[in-house]
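Here are a few notes from going through this model, meant to be read with the structure open beside you. I've kept to a handful of spots.

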Amino acid sequence: MLNGEDFPIAIIGAGFAGIGAAIRLKQEGIESFTMFERASEVGGTWRDNTYPGCACDVQSHVYSLSFEQNPNWSRRYSTWQEIQEYLIGLVDKWGLEKHLRRNTEIVSAEFDEKNGTWALTTDEGDTFTARVVLSGVGGLVDPSYPKIDGIDDFSGDMFHTARWNHDVDLTDKRVAVIGTGASAIQVVPSIAPIVAKLSVFQRTAAWVVPKFDLEYSPRAKRLAARFPFLLRIARFFKYWLSELLGPIVFLDSKLLSRVGRAISMWNLRRQVQDPELQKRLTPDFQFGCKRVLVSDDYWATFERDNVGLITEPIGAIRSEGIETTDGELHVFDVIVLATGFLLGLAAAPFQIRGRRGRTLDEMWADGAVAYKGMTVSGFPNWFMMMGPNTGPGHTSVLVYTEAQIAHALQAIKKMIAEDIKYCDVRQDVQDRYNEGIQRRMKHMVWASGCHSWYLSSDGRNHSLYPGFAWEYVLRARHLNLADYEVAFFEDERQLDELETVEEGLAAAP
Ligand code: NAP
């Protein structure tokens with residue numbers, strides 16, 4: 001078994017990716033890793049998003065680690081609390097605490113080419129040296145606050161869904177929700193029954209498909225615990241169903257989009273009776289172009305007497321409430337910003353300096369790119385999880401993450417076995433891969449003309465994988481060293497010897 005001094009590995013982030021990577025390392029008998037977590041608790045997005053109604057919109061049997069199936073999910077789509085408990089339980093079960101440095105933020109990283117190591121500096125100024133870095137910092141972490149005139153002038157309470165203020169009691173309050181994305185559609189039906197008045201500010205309507213959520217009976221859970229293969233079967237079918245239906249969500253096909261649209265329109269009509277309201281809630285862009293949302297009760301909430309839909313654009317925020325561009329002032333006690341996240345993928349999470357002194361931000365000036373979403377040329381031994389172009393629009397992101405962990409694990413094992421100093425993906429290999437990704441992107445619905453967080457400032461999609469998850473898994477999970485420039489410690493010794501010989505020759509009379 002390797003200890004910390006033999007082959008130090010750093011895992012940055014203790015969310016799903018970091019915890020999954022740590023477990024896989026342990027399963028392979030590698031103990032020489034340290035996990036850095038900037039917060040006091042693990043869980044990543046499931047620690048941060050605690051808003052009412054927060055749940056995963058991907059079924060739990062698929063949205064969990066394949067090597068850590070949980071028979072105790074209480075329902076098809078678990079709440080954030082259950083997912084968070086699952087992650088904390090894994091840390092406990094696998095004894096990850098001793099590897100974990102909580103409240104420790106990595107603020108910079110620099111590669112030392114001579115020694116094949118990364119120097120990671122923490123916010124406290126400590127430096128940690130690692131042979132390999134597994135970065136699991138997540139793509140959607142920091143809240144995006146809207147730039148609205150007068151936003152700081154509001155005299156009531158205002159907070160973001162990802163930073164929910166549980167000290168504010170919404171009972172009988174006049175509440176505004178800005179945004180109609182995946183977070184908003186969960187908050188709105190959850191708070192509507194307790195507030196006096198709820199106004200939803202919609203800039204763009206969303207396509208919403210039925211969820212058909214259900215609770216698992218105690219008997220079903222007992223059976224799953226007794227016969228774990230039932231969980232594997234459930235995962236298998238749910239995963240392949242999502243792949244089968246995937247093209248409806250990601251292909252730019254008028255015919256397939258019509259299928260998705262028909263399902264969503266059926267969902268709308270069964271929840272909303274008023275044709276005028278139906279019209280205002282119907283998107284004007286192709287199905288799938290923005291993230292397809294999943295809910296059985298979001299649209300029905302607008303049928304309540306205390307809930308209103310406001311489609312007039314927001315002009316400014318005043319001390320009493322929100323002023324729309326028609327001059328009307330809507331008075332509120334609380335404003336909830338369901339306005340999404342800063343796209344973490346668009347830039348390096350902190351300064352990362354690779355070979356020849358180049359930084360990742362410089363490399364990504366024209367958009368984030370990586371080879372198979374994991375490695376960037378010039379940044380050897382740095383493996384990203386949930387990196388550029390590895391997000392799915394149609395299934396669980398963890399399917400992709402597990403393939404990335406498998407890839408990094410092979411690299412680590414090879415490095416140990418073959419005395420490799422570093423593996424640096426070849427620039428031509430990375431370029432060819434990304435040309436292929438962007439060529440395929442043209443056939444994806446995300447490029448069909450809507451505005452979404454999937455697209456970066458250069459107009460290109462650096463977020464999602466343009467295809468099926470199984471395809472990505474086949475491409476990503478095996479490491480091919482021919483794709484990498486590989487430096488051995490042996491070379492260094494040879495180089496040293498050569499230099500000594502040359503020096504000796506130069507010094508000879
Ligand atoms: P989002 O999808 O980016 O939605 C943000 C919403 O805020 C949009 O409706 C946007 O309108 C609106 N908005 C932003 N700025 C505004 C402004 N200045 N004025 C008016 N409206 C404004 O954010 P999200 O709902 O938090 O979801 C983000 C991602 O997180 C999702 O796509 C998903 O990947 C993930 N997520 C997942 C789950 C899950 O269950 N797995 C749950 C929540 C979130 P426009 O559409 O016009 O831009």
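Helices and strands here are DSSP runs numbered from the N terminus, with a helix needing at least four residues and a strand at least two. Bear in mind throughout that this is a predicted model.

1. **Where Asn306 sits.** With that naming, Asn306 falls in the loop that links β13 (293–294) to β14 (307–310). Is Asn306 buried or exposed? It counts as buried, because its relative accessibility is 15% and the cut-off for buried is under 20%.

2. **What Asn306 touches.** Setting aside the neighbours within four places in sequence, Asn306 contacts Ala192, Val195, Ala196, Lys197 and Leu198. For Val195 there is a polar side to this: its backbone oxygen is 3.1 Å from a polar side-chain atom of Asn306. The Asn306 side chain also has a polar contact with the side chain of Arg304, at 3.1 Å.

3. **The ligand site.** Have a look at the ligand next. There are 24 residues around it, and the ones that come nearest are Asp57, Ala182, Ser183, Thr204 and Lys290. In the side chain of Thr204, an N or O atom is 2.4 Å from a ligand oxygen. Trp453 places a polar side-chain atom 2.9 Å from an oxygen of the ligand, and for Thr180 a backbone N or O atom lies 2.9 Å from a ligand oxygen. On its own the ligand would expose 910 Å², of which the protein buries 84%.

4. Leu223, Phe227, Phe229, Leu230, Ile233, Phe236, Phe237, Trp240, Trp470 and Leu474 together make a nonpolar surface patch of about 940 Å². Two elements give two or more residues to this patch, α6 (228–250) and α12 (469–476). Which of them supplies the largest share? That is α6, with 6 residues.

5. **Phe229 as an example.** Phe229, one of the patch residues, is in helix α6. Its relative accessibility is 42%, so it counts as partly exposed.

Key: Residues are numbered from 1 along each chain as its sequence is written. This is a predicted model: local features need pLDDT of at least 70, side-chain atom pairs count only at pLDDT 80 or more; totals for chains, interfaces and linings use all residues. Side-chain values use heavy atoms; hydrogens and water are left out. Buried means under 20% relative accessible area, exposed over 50%, partly exposed in between (1.4 Å probe, protein chains only). A polar contact is a pair of N or O atoms within 3.5 Å; within protein, one must be able to donate a hydrogen and the other to accept it, and residues adjacent in sequence count only if both atoms are side-chain atoms. Contact means heavy atoms within 4.5 Å. Patches are made of residues with over 30% relative accessible area and no salt bridge: like charges are joined within 9 Å, nonpolar side chains (Val, Leu, Ile, Met, Phe, Trp, Tyr) within 5 Å. Accessible areas come from the Shrake-Rupley method with a 1.4 Å probe; for residues, only the protein chains shown count as cover. A salt bridge is a side-chain nitrogen of Lys or Arg within 4 Å of a carboxyl oxygen of Asp or Glu. A residue is near a molecule or strand if one of its heavy atoms lies within 4 Å of it.
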